[in-house]
Amino acid sequence: MTKPQFSMTFNFGHLLQIGTVVIAATVGWVTMDARTSSNKESISNMQRDLTQAVARIRSVETSSIRADERLQNIFGLLSRIDARLERIEEK
């Protein structure tokens with residue numbers, strides 16, 4: 001069996017492979033950086049939307065609580081009116 005032989009010479013094929021690896025790594029890095037920037041922007045937009053949604057939900061909850069209080073006041077008023085009508089009917 002023959003032993004592998006190594007020569008310390010560089011030819012055009014070696015330089016072409018090194019250049020291809022460097023270009024591929026650069027393109028990969030730029031692509032990854034662009035995706036990272038895009039993801040950061042998307043996350044920022046989602047956080048802003050979430051903050052706005054939480055504010056709207058709090059507003060709806062607050063108005064719901066107010067509506068419940070008004071409804072309870074109306075029920076109290078109706079109870080008093082009903083009681084007065086019963087007293088009037090008794091007379």
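## A salt bridge

The side chains of Arg48 and Asp49 meet in a salt bridge, at 3.5 Å from N to O. The term means a side-chain nitrogen of Lys or Arg within 4 Å of a carboxyl oxygen of Asp or Glu. By this rule the count comes to one salt bridge. Arg48 is partly exposed, with a relative accessible area of 44%. Asp49 is also partly exposed, at 38%. Here buried means under 20% relative accessible area, exposed means over 50%, and partly exposed lies in between (1.4 Å probe, protein chains only).

This is a predicted model: local features need pLDDT of at least 70, side-chain atom pairs count only at pLDDT 80 or more, and totals for chains, interfaces and linings use all residues. Residues are numbered from 1 along each chain as its sequence is written, and side-chain values use heavy atoms, with hydrogens and water left out.

## Overall form

Along the principal axes, the C-alpha atoms fill a box of roughly 125 × 30 × 10 Å.

Helix 1 covers residues 12-90. Helices (H or I, at least four residues) and strands (E, at least two) are DSSP runs, numbered from the N terminus. Two pairs of residues give a sense of distance. Ile23 and Phe12 are eleven residues apart in sequence and 16 Å apart in space, C-alpha to C-alpha. Asp68 and Gln47 are 21 residues apart along the chain, and their C-alpha atoms are separated by 31 Å.

## Surface and exposure

Of the 91 residues, 0% count as buried. The accessible surface comes to about 9,000 Å², and 61% of it belongs to carbon and sulfur atoms. Such areas come from the Shrake-Rupley method with a 1.4 Å probe; for residues, only the protein chains shown count as cover.

Ile23 lies in helix 1. This residue is exposed, with a relative accessible area of 57%. Asp68 is in helix 1 too. Asp68 counts as partly exposed, at 44% relative accessibility.

## Patches

Patches are made of residues with over 30% relative accessible area and no salt bridge: like charges are joined within 9 Å, and nonpolar side chains (Val, Leu, Ile, Met, Phe, Trp, Tyr) within 5 Å. A nonpolar surface patch of about 730 Å² is made by Leu71, Ile74, Phe75, Leu77, Leu78, Ile81, Leu85 and Ile88. Phe75 sits in helix 1. Its relative accessible area is 43%, so Phe75 is partly exposed.

Arg80, Arg84, Arg87 and Lys91 form a positive one. Arg80 belongs to helix 1. Asp82, Glu86, Glu89 and Glu90 form a negative one. Asp82 is found in helix 1. Asp82 counts as partly exposed, at 42% relative accessibility.

## Charges

Lys and Arg count as positive and Asp and Glu as negative, while His and the chain ends are not counted. Each charge is placed at NZ of Lys, CZ of Arg, CG of Asp or CD of Glu. The protein has 12 positive and 10 negative charges, and their mean positions are 11 Å apart.
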